[in-house]
Structure formats: structure tokens, C-alpha cells
Amino acid sequence: MQREAQSEASDRQDTRETRDVVVVGGGASGLMAARAAARRGLSVALLERTAQVGGNLRTHRDGDWQIELGPNTLMMKPPLHALLEELGLLDEAQPANPDARRRYIAYRGMPVTLPSHWLKAPINSLIGPRGMGALLCEPFRRRAPQAEESLADFVTRRLGRRALNHLVDPFVSGVYAGDPERLSAQAAMPRLVALEREYGSLVRGGLVRLRQARRAPPALPREWRGQLVSFPTGLQRLAGRLAEDITAQPDATIHCECEVSSVYREGEYWRVETASGQDFRARELVLAVPAPTAAALLAPLDPQLVVPLNEIAYPPVNAVSLGFRCADIAHPLDGFGMLIPGVEHRQTLGALFSSTLFPGRAPSEHVLLTAFLGGRRQPEAAASDDDAQVAQVVADLRDLLGISGEPVWQSVSRWPQAIPQYELGHLERIAALDEALERHAGLSLLGNWRDGIAVGDCLENGRRLGERIAETLGGD
Ligand SMILES: Cc1cc2nc3c(=O)[nH]c(=O)nc-3n(C[C@H](O)[C@H](O)[C@H](O)COP(=O)(O)OP(=O)(O)OC[C@H]3O[C@@H](n4cnc5c(N)ncnc54)[C@H](O)[C@@H]3O)c2cc1C
């Protein structure tokens, strides 16, 4: 009854707010879904809770300091290249400094780079003769049964504990702020697992894939191959251009400060109600919001949608940006950054050398570092106040980078629900969700909690969904 009364009332005020598609959430995923549907001639409304679109893509400038609050780099791949070309952003895109190919990993209190050639691996402290031995034996290890296993078990089984502790653990911190003991190898690193499945070995599979890539026609122009990219005004530029492109379509609108408070089915339409009182009806509804938000919106509709969404862990992560005088850091900062494995027993997960990565991030004679605290193993490390966060990072990095002075500029960006964890059972959860979704025609769920957390994955998954919807509804 209440719903009926609500819908009658809103029928009167919002008949003009009927769309083919309503997309809830204006992050990378939602923006691309909305853009793809709008470009295929559908009428689209994108509803975003905050004052600006972009979600995690957020850049902040303060004088000569420029920081990313969320992601710092995009990996250039053919779909991203095509998108930047369509948006007229390719000329603006900045490849990262070639030094960014150098990656430091903390090892017994020292920053050590990964070897530049496999022949140097035995004398590299991260790998050493034992690690090299494990690598050489890897092709002869038996394939495991096809059951799901943790990333830690998978890597230890194939490459040994040393590779887990000193290589994979820091990598997992850098990407997921995650715990390899809990992450599902199959869900978090499907390409790595596919090498064992298809070739019986990571080393053998890696070599075959390398040969195939060398023989195949180049997928990208030479200057963009393997590049990490940003823009002079930061990654938020991409979100801004996507928004411009959406609103340039004949029948597409973006509504910021428009928090969706409930969604429900009404006849052949989805009804979308917002906290600001702007209500919409749509033939297709896309929720491109974090899993807990989707769960809260869908709770009155179907508990079977809610359970798997609520099981996805979202630990907090803070990005702590620190500016120093060059003279106060002994390390040359000649790389992408430094990752700190759990076995080093520090709270900081790692630090990007942000002013090395791209020009224009720090005033002259200064450098910018972006460090991360929190994550799955130490969520409590993200809880203290800003000054304590800065002090913790400085204490963790002081000896590693030879820091002699105090930061001259600082900023702490807090992400209370930062990065969804693809943990054991994740693929089953997603399968259960997809099965439950079949009962709800015209409802799609999208976001970094499924099918890849990199911005590039979110963009591509959004594009695919938008196009699929256009096909269903008979767009151009
Ligand atoms: C600190 C950090 C560093 C990262 N670094 C990198 C990196 O270097 N490279 C990389 O590729 N990836 C990185 N990532 C991951 C990447 O940023 C994300 O996976 C991706 O941007 C997520 O996009 P999304 O659209 O799925 O979700 P989000 O960006 O979370 O977007 C969801 C949107 O929904 C909106 N919303 C929520 N509730 C509602 C509601 N009720 N009504 C309306 N709108 C709502 C939110 O305001 C938000 O704008 C990083 C992430 C973090 C947190």
C-alpha cells in the first residue's frame, strides 16, 4: 500500500523522468555503462551521490602539489587506447617516466629492485639461489586438482614460500591491499591460474604467451606498449571527459548530489527514488555502486541478492601523500615506488614515488610520495588521526628511503571501504548472485567487486554492459 501511494505521488511529478536506462553510481564502471548505452541512442540518466562524477578517480591540487586521492595510474591496453582516442584524450595522456619500470621491494630493511634479467636472479636478494632453484623446478611440479585455493597456497605450491613472501605478497598489497592467505587465486589472479591449467606450468606458460605476443600483430602503437598513464591534470580528467561525452549525447543526463535511496519494480519499469526527491523510472536499471550499497538497496527486493554482496570484504585504506624537500631524502626515488611485504613487519604497505612517475606533481626542489596504510591484514592501521598517519608513514619509510627531514606538505585521503577483496568463495558468490539476478529482468549489477578491480577493467566491463543493454532494448 505504501509503495502504491508512493508511486502514485511520484507518477504525478516524474512522468518526464522516464528513461530507457538509469545508471546508479558515477565511478568508472557507471560512467562507461551510461556512455555506451547513450551512444547507442538510448535515453539514459546517470545518478551520482556526490557532487562530482569519477568515484575513486579523484585528483586534488594545492598550489604546486597535485595528488591522486585514489588510483594513480592506468595501464594502457587496447580498449583504453581506443577510448582515449574516441574522447580526444590521447594527445593529453602522459606516459609514466621510463624509470617507473624499476620497482623496489623492501627486503630486510633495504629497498631492493627486481632483477632486470633472469640471469641476474640468483644474485638478487629477493630471489637468490634458492628462489632461482624453485623457479627452474616449477615446470616439473605436478598440476593441482582444479579446486579453488588461496593465492598463498597456489604460489607456495608452484614457486615456494620465498616467492610468496618477497614477490607475490608485496604485489598483492599493492593491488588489493589484500591478504594472500584469504584471496582466491582463481578469482584474484585468473590469468596466472590459467597458465598452470593450460600449460601445466607458470614458467612454461609465461614463455609461450611471451612468444605468442611477440609474433602477433602489435595491439598498440609502440609508444604506448606496456605504458602506465595519467594526464597533466590527473586521472579525474578522464572522468570529466566521460561526463562531457555522455551529456553530449542527445538524450542523456547526469545528476550529481543525487543519492539513490530505494529501487523497486513497478510493472514493466524499475522505479528509482532519490534522497533529493528526484524520482526516475527505467526499463533497465544498472547499479554501479560498491557491493554493500547495492546490498542495502536490494535488501527489500530479494535476500538472495544481498547475501553474496554482503560477504565481500572491503577493508579501509588511506592514501597518505607527503611532500619533502629533495635534500631531505637520500634515495634517488628512481622508480615506480617501493612495496613493503608483510614479513618486514611495518604498517605502511608501500609508497609510490609520485613526483617521479609524472611531472607537475610537486614544486621544484621537492618530491611527492604517496603511501598506503590499512588493508585486509591491518585495517586498524587506517584508524588513527591524520597526524598519526603521517608520523607512521615517516617512521616506516625513514630508514628505507634515507629520510632526514620532516614532510613540508601532507594530505590524508581516507577510503573507509577501499578495495573489494576477491577472497575464497568469491567466484561462487558471483555465480549465486548471477543466478538470483535472473529472476529480476532489467536489473544489472556492475562495479569493481566483480570481474576486475583495475580502472581499465571497470571501464571495459561498463562498456560491455551498456552495449548489451542497447542490444536488448534495440538501440542503434
Ligand atoms: C586508494 C586506491 C588506489 C587505487 N589505485 C589504483 C590504480 O593505481 N590503478 C587502478 O587501475 N585501480 C586502482 N584502484 C582501484 C580503482 O580505483 C577502482 O576499482 C575503480 O575506480 C572503481 O570504479 P567503480 O565505478 O566500480 O566504483 P567507484 O569508483 O566506487 O564508484 C561508485 C560510485 O557510486 C556512487 N554511489 C554510491 N552509492 C550511491 C547511491 N546510493 N546513489 C548514487 N550514487 C552512489 C559513489 O559516490 C561513486 O561515485 C585504487 C583504488 C583505491 C581506493
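How many nonpolar, polar and charged residues does the shell around the ligand have? By class, the shell is made of 19 nonpolar, 15 polar and 3 charged residues, where Ala, Val, Leu, Ile, Met, Phe, Trp, Tyr, Cys and Pro count as nonpolar, Asp, Glu, Lys and Arg as charged, and the others, Gly among them, as polar. The model is predicted: local features need pLDDT of at least 70, side-chain atom pairs count only at pLDDT 80 or more, and totals for chains, interfaces and linings use all residues. Residues are numbered from 1 along each chain as its sequence is written.

The ligand is surrounded by 37 residues, a residue being near a molecule or strand if its C-beta atom, placed from the backbone, lies within 6 Å of it. The closest are Gly 25, Gly 27, Gly 55, Pro 71 and Asn 448. Two or more residues of the shell come from each of α2 (28-39), β14 (317-325) and α16 (455-473); helices (H or I, at least four residues) and strands (E, at least two) are DSSP runs, numbered from the N terminus. Domain 1 (2-56 + 235-312 + 422-473) and domain 2 (59-77 + 94-99 + 315-415) each give at least three residues to the shell.

The domain assignment of the protein chain also gives domain 3 (127-215); the bounds come from an automatic or database domain assignment. The centres of domain 1 and domain 3, taken over C-alpha atoms, are separated by 35 Å. Between these two domains, 5 residues of domain 1 are in contact with 8 residues of domain 3, contact being counted if the C-beta atoms of two residues, placed from the backbone, lie within 7 Å. The side of domain 1 that touches domain 3 has 3 nonpolar, 1 polar and 1 charged residues.

An open sheet of 7 strands has the order β8-β7-β15-β16-β17-β14-β18, with mixed pairing; two strands pair if DSSP finds at least two bridges between them. At its edges stand β8 (110-113) and β18 (409-415), each of which pairs on one side only. From one strand to the next, the twist averages 25°. Strands β14 and β18 are joined in the antiparallel sense over 7 bridges, and Val 320 stands opposite Val 412 in β18. Helix α6 (residues 161-176) packs on the sheet and touches β7 (103-107), β15 and β16. Its direction makes about 115° with that of β15; axes are lines fitted to C-alpha atoms, for helices over the stretch in contact, and angles run from 0 to 180 degrees between N-to-C directions. Helix α14 (residues 386-401) lies across β7, β8, β14, β15, β16, β17 and β18, at about 65° to β14.

Another open sheet has 3 strands in the order β5-β9-β6, paired antiparallel. Strands β5 (74-75) and β6 (94-95) each have a single partner strand, so one side of each is left without a neighbour in the sheet. Strand β6 pairs with β9 (residues 228-230) over 2 bridges, and the bridge partner of Gln 94 in β9 is Ser 230. Elsewhere, β2 (residues 44-47) and β10 pair in the parallel sense over 4 bridges, with Leu 46 opposite Ile 254 in β10. Strand β10 (residues 252-255) has a covered face, Ala 252 and Ile 254, and an uncovered one, Thr 253 and His 255.

In helix α12 (residues 303-310), the residues Leu 305, Val 306, Pro 308 and Leu 309 are buried; a residue is buried if 20 or more other C-beta atoms, placed from the backbone, lie within 10 Å of its own, exposed if 12 or fewer, and partly exposed in between. The elements α11 (291-298) and α15 (426-437) are among those that cover these residues. Arg 158, in helix α5 (residues 151-159), is buried, with 25 other C-beta atoms within 10 Å. Leaving aside neighbours within four places in sequence, Arg 158 is in contact with Glu 138, Arg 141, Glu 196 and Leu 202.

Most residues other than glycine have a negative phi. His 345, in the loop between β15 (337-339) and β16 (350-352), has a positive phi near 55°. This residue is exposed, with 8 other C-beta atoms within 10 Å. In the loop between α13 (354-357) and β17 (366-374), Glu 365 has a positive phi near 65°. Glu 365 is exposed, with 8 other C-beta atoms within 10 Å.
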